[in-house]
Amino acid sequence: FSHSVLRLFKTLHRTRQQVFKNDARALEAARIKINEEFKSNKNETSPKKIEELMKVGSDVELLLRTSVIQGIHTDHNTLQLVPRKDLLIENVPYCDVPTQKQ
């Protein structure tokens, strides 16, 4: 377990650095939160509970990586979104009329 826990810990920190790049406050808040979560569960010995915690950590990492977009206030009413390259997926053209299955 300890090897996969360490790997998840490192992955979460790498993801944090990509997702919150150039945002010192968010980077620090995420760093503290990740470290606190791992520290508060470091003495857990139940394999079932460790597995559950690992699942939560993996889900959080996936959510951060795939769903969080940075925004920059350009003035008091405007937010400029800064999507990462890995979030920009190819647009599939929408078709009003479903194609008939043969």
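At 48% relative accessibility, L79 counts as partly exposed, a class lying between buried (under 20% relative accessible area) and exposed (over 50%), with a 1.4 Å probe and protein chains only. The model is predicted, so local features need pLDDT of at least 70 and side-chain atom pairs count only at pLDDT 80 or more, while totals for chains, interfaces and linings use all residues. Residues are numbered from 1 along each chain as its sequence is written, and side-chain values use heavy atoms, leaving out hydrogens and water.

L79 belongs to strand β2 (residues 78–82), strands being DSSP runs of E with at least two residues and helices runs of H or I with at least four. Together with I69 and L81, L79 makes a nonpolar surface patch of about 280 Å².

## The largest pocket

The largest pocket holds about 500 Å³ of space, where a volume is the space filled by probe spheres set on the grid points. Its lining comprises 20 residues, with L8, E37, F38, N41 and L53 nearest the centre. Helices α1 (2–19), α2 (24–40) and α3 (47–67) each supply at least two lining residues, and α3 gives the most, seven. By class, this lining divides into 13 nonpolar, three polar and four charged residues.

## The second largest pocket

About 160 Å³ of space lies in the second largest pocket, which is lined by F20, K21, N22, D23, V68, Q70, G71, I72 and V82. Strand β1 (residues 70–75) contributes the largest share of that lining, three residues, and the lining as a whole has four nonpolar, three polar and two charged residues.

Definitions and conventions. Patches are made of residues with over 30% relative accessible area and no salt bridge: like charges are joined within 9 Å, nonpolar side chains (Val, Leu, Ile, Met, Phe, Trp, Tyr) within 5 Å. Accessible areas come from the Shrake-Rupley method with a 1.4 Å probe; for residues, only the protein chains shown count as cover. A salt bridge is a side-chain nitrogen of Lys or Arg within 4 Å of a carboxyl oxygen of Asp or Glu. On a 1 Å grid over the protein atoms alone, a cavity is a set of points where a 1.4 Å probe fits but cannot get out, and a pocket is an open set with protein on both sides within 12 Å along at least five of seven lines; lining residues have an atom within 4 Å of a point. Ala, Val, Leu, Ile, Met, Phe, Trp, Tyr, Cys and Pro count as nonpolar, Asp, Glu, Lys and Arg as charged, and the others, Gly among them, as polar.
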